[in-house]
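The exercises below are meant to be worked with the sequence and the model side by side. Try each task before reading its solution.

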Amino acid sequence: MKHGASTVHRLYGINIHYCGRVRDRRSKKFIARQQKLKFARLAIHDEVSMIGRAMHGKIDFMLDDALSETVMARYGASQPTMGGLDLMEVGDLRQATAIGDYGMYVTGKYTGTGKNLPPGGGERPDDDLDVAQ
């Protein structure tokens, strides 16, 4: 691992088949990960197109699990996302898609019922945007 680079699975302790609270909080792996994350202020995710929606949720969950005491000491009752880390995500969202996960965006016009309409109704100005442009 040069200059702290790692996969998101290894860095945040996310198992391929299971994501849950760490049971053995005294294990060497957990303590090492916790110490690394405790002193981190910035996380840079490269190739962000390969990190899907569910994986972002797992990252947030595992950061909360590892840093809950540190986050409480820093921020009190307000619980910031991603353990309070500044997060920079880089990459081309139209490149390789996330494996076994949904991408961060969906192309085409929104077809659901929960529209975030402007006051007074009507369509949002970006409803007809073509993301591929």
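Buried residues, meaning those under 20% relative accessible area with a 1.4 Å probe and protein chains only (exposed is over 50%, partly exposed in between), make up 23% of the 133 residues in the chain. This is a predicted model, in which local features need pLDDT of at least 70 and side-chain atom pairs count only at pLDDT 80 or more, while totals for chains, interfaces and linings use all residues. Residues are numbered from 1 along each chain as its sequence is written, and side-chain values use heavy atoms, with hydrogens and water left out.

**Exercise 1.** Work out which residues of α2 are buried and why they line one face of the helix.

*Solution.* Next, pick out its buried residues, which are Phe30, Arg33, Gln34 and Leu37. Seen down the axis of α2, these buried residues fall within an arc of 100 degrees, taken from the directions from the helix axis to the C-beta atoms, so they line one face of the helix. An α-helix has 3.6 residues a turn, so residues three or four places apart point the same way. On the other side of α2, Lys28 and Phe39 are exposed. Finally, the buried residues of α2 pack against α1 (8-12) and α3 (53-75), a contact being heavy atoms within 4.5 Å.

**Exercise 2.** Describe the largest pocket by its volume and by the classes of residue in its lining.

*Solution.* A pocket is an open set of points on a 1 Å grid over the protein atoms alone, where a 1.4 Å probe fits, with protein on both sides within 12 Å along at least five of seven lines, and lining residues have an atom within 4 Å of a point. The largest pocket has a volume of about 810 Å³, and of the 30 residues that line it, the closest to its centre are Ser6, Thr7, Val8, His9 and His45. By class, its lining has 17 nonpolar, nine polar and four charged residues.

Definitions and conventions
Helices (H or I, at least four residues) and strands (E, at least two) are DSSP runs, numbered from the N terminus. Grid points are joined across faces, edges and corners, and a volume is the space filled by probe spheres set on the points. Ala, Val, Leu, Ile, Met, Phe, Trp, Tyr, Cys and Pro count as nonpolar, Asp, Glu, Lys and Arg as charged, and the others, Gly among them, as polar.
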